[in-house]
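Visitor: I have a structure open and would like to go through some of its details with you. Could we begin once it is on the screen?

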Amino acid sequence: MSRKPLIAGNWKMNVNHVEAVGLVQKLAWALGDFKYDPTKAECLVIPPFVDLRSVQTLIEADKIPLAWGAQDVSEHENGAYTGDISAEMLLKLGCSYVIIGHSERRQYHHESDFVVNEKTRNALAKGLTPIICVGEGLEVRRAEEHVPFTLAQVAAALEDRTPEQVAKVVIAYEPIWAIGTGEVATPEDAQEVCGAVRGKLAELYGDEVSEQVRILYGGSVKASTIVALMVKPDIDGVLVGGASLNPDEFALITRFYEASGGKSW
Ligand code: PEP
């Protein structure tokens with residue numbers, strides 16, 4: 001298996017820059033206590049923009065085995081876009097990943113598939129790895145349209161990208177009805193859509209590309225649910241919201257490989 005698992009913590013609009021220092025320190029201790037092995041999985045924190053400098057400084061100074069990224073990026077280079085943050089700014093802060101098209105941005109900031117595509121284009125052009133969020137709401141799930149709905153989002157986000165670019169992206173399948181609700185999709189539900197996403201990538205860009213793309217599941221993931229998700233063949237990691245604010249819980253999630261069933265990493 002060549003895809004390195006990715007465990008990503010999205011802090012959302014929680015934790016100021018002083019609290020961020022405390023959270024990263026506690027997480028570093030917890031990772032040490034639980035003997036997190038960075039060769040088995042990549043562990044990523046995604047704080048609010050204003051915390052990034054503090055997080056970068058601490059991680060670099062203490063050589064903590066964590067990557068960091070941002071929750072959004074502008075589709076524009078620079079200029080008169082009040083409130084937006086450019087890819088160059090994130091790179092200067094050492095970010096390697098950026099979330100694009102999280103359902104909360106699609107919902108509250110009316111981000112369309114077109115905007116998600118533009119942000120993805122810009123992130124890739126600058127060398128940031130996009131974590132592109134896709135997934136259906138409850139109505140779509142009840143209508144049993146969740147697979148075509150999600151695949152259409154994936155295709156729209158990646159339209160006009162080269163196969164080489166697509167190989168670098170991360171897709172996060174996050175059914176909206178499972179985000180922050182405590183309602184977890186079953187591992188079979190998650191695998192159904194993650195497997196379909198990989199199939200769509202193969203159809204559009206070829207098997208070699210689809211085998212390289214990491215596909216995450218997100219939605220109320222906890223230490224108690226991680227292993228059953230990670231053993232599924234097309235789930236390469238998780239995007240964690242609420243539980244990433246608890247350093248012990250998040251550190252435990254990174255230890256999924258201890259009880260991984262038949263899958264090897
Ligand atoms: C998220 O915000 O991406 C998420 C999955 O949140 P939670 O884990 O809290 O459901």
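This is a predicted model: local features need pLDDT of at least 70, side-chain atom pairs count only at pLDDT 80 or more; totals for chains, interfaces and linings use all residues.

Visitor: Ligand to begin with. How many residues surround the ligand, and which are the closest?

Guide: The ligand is surrounded by 14 residues. The closest are Lys 12, Glu 174, Gly 180, Ser 220 and Gly 241.

Visitor: What does Glu 174 place by an oxygen atom of the ligand?

Guide: Glu 174 places a polar side-chain atom 2.7 Å from a ligand oxygen atom. His 102 also has a polar side-chain atom by an oxygen atom of the ligand, at 2.9 Å.

Visitor: And Gly 180, which atom lies by the ligand there?

Guide: For Gly 180 it is a backbone N or O atom, which lies 2.7 Å from an oxygen atom of the ligand.

Visitor: How much of the ligand's accessible area does the protein cover?

Guide: On its own the ligand has 300 Å² of accessible area, and the protein covers 96% of that.

Visitor: Changing topic: how many aromatic pairs are found in the whole structure?

Guide: The search finds two aromatic pairs. Tyr 173 and Tyr 217 form a tilted pair, with 6.4 Å centre to centre and 55 degrees between the planes.

Visitor: Which parts does that pair tie together?

Guide: Tyr 173 belongs to strand S6 (residues 170-173) and Tyr 217 to strand S7 (residues 214-218), so the pair links parts that are 44 residues apart in sequence. Both Tyr 173 and Tyr 217 are buried.

Visitor: What about Phe 256 and Tyr 257, how are their planes set?

Guide: Phe 256 and Tyr 257 form an edge-to-face pair, with 85 degrees between the planes and 5.3 Å centre to centre. Phe 256 counts as buried because its relative accessibility is 1%, and Tyr 257 counts as buried at 12%.

Visitor: On to the cysteines. How many disulfides are there?

Guide: The count is zero disulfides. For Cys 133, the nearest cysteine sulfur is that of Cys 194, 12 Å away. A disulfide would require the sulfur atoms to lie within 2.5 Å, so Cys 133 is in no disulfide.

Visitor: Is Cys 133 buried or exposed, and Cys 194?

Guide: Cys 133 is buried at 2% relative accessibility, and Cys 194 is buried with a relative accessible area of 0%.

Visitor: Last one: where is Ser 86, and which residues is it in contact with?

Guide: Ser 86 sits in the loop between strand S3 (67-70) and helix H3 (87-92). Leaving aside neighbours within four places in sequence, Ser 86 is in contact with Val 73, His 76 and Glu 77. Ser 86 is buried, with a relative accessible area of 7%.

How values were computed. Residues are numbered from 1 along each chain as its sequence is written. Side-chain values use heavy atoms; hydrogens and water are left out. Helices (H or I, at least four residues) and strands (E, at least two) are DSSP runs, numbered from the N terminus. Buried means under 20% relative accessible area, exposed over 50%, partly exposed in between (1.4 Å probe, protein chains only). Contact means heavy atoms within 4.5 Å. Rings of Phe, Tyr and Trp (its six-membered ring) pair if their centres lie within 6.5 Å; planes under 30 degrees apart count as stacked, over 60 as edge-to-face and the rest as tilted. A residue is near a molecule or strand if one of its heavy atoms lies within 4 Å of it. A polar contact is a pair of N or O atoms within 3.5 Å; within protein, one must be able to donate a hydrogen and the other to accept it, and residues adjacent in sequence count only if both atoms are side-chain atoms. Accessible areas come from the Shrake-Rupley method with a 1.4 Å probe; for residues, only the protein chains shown count as cover.
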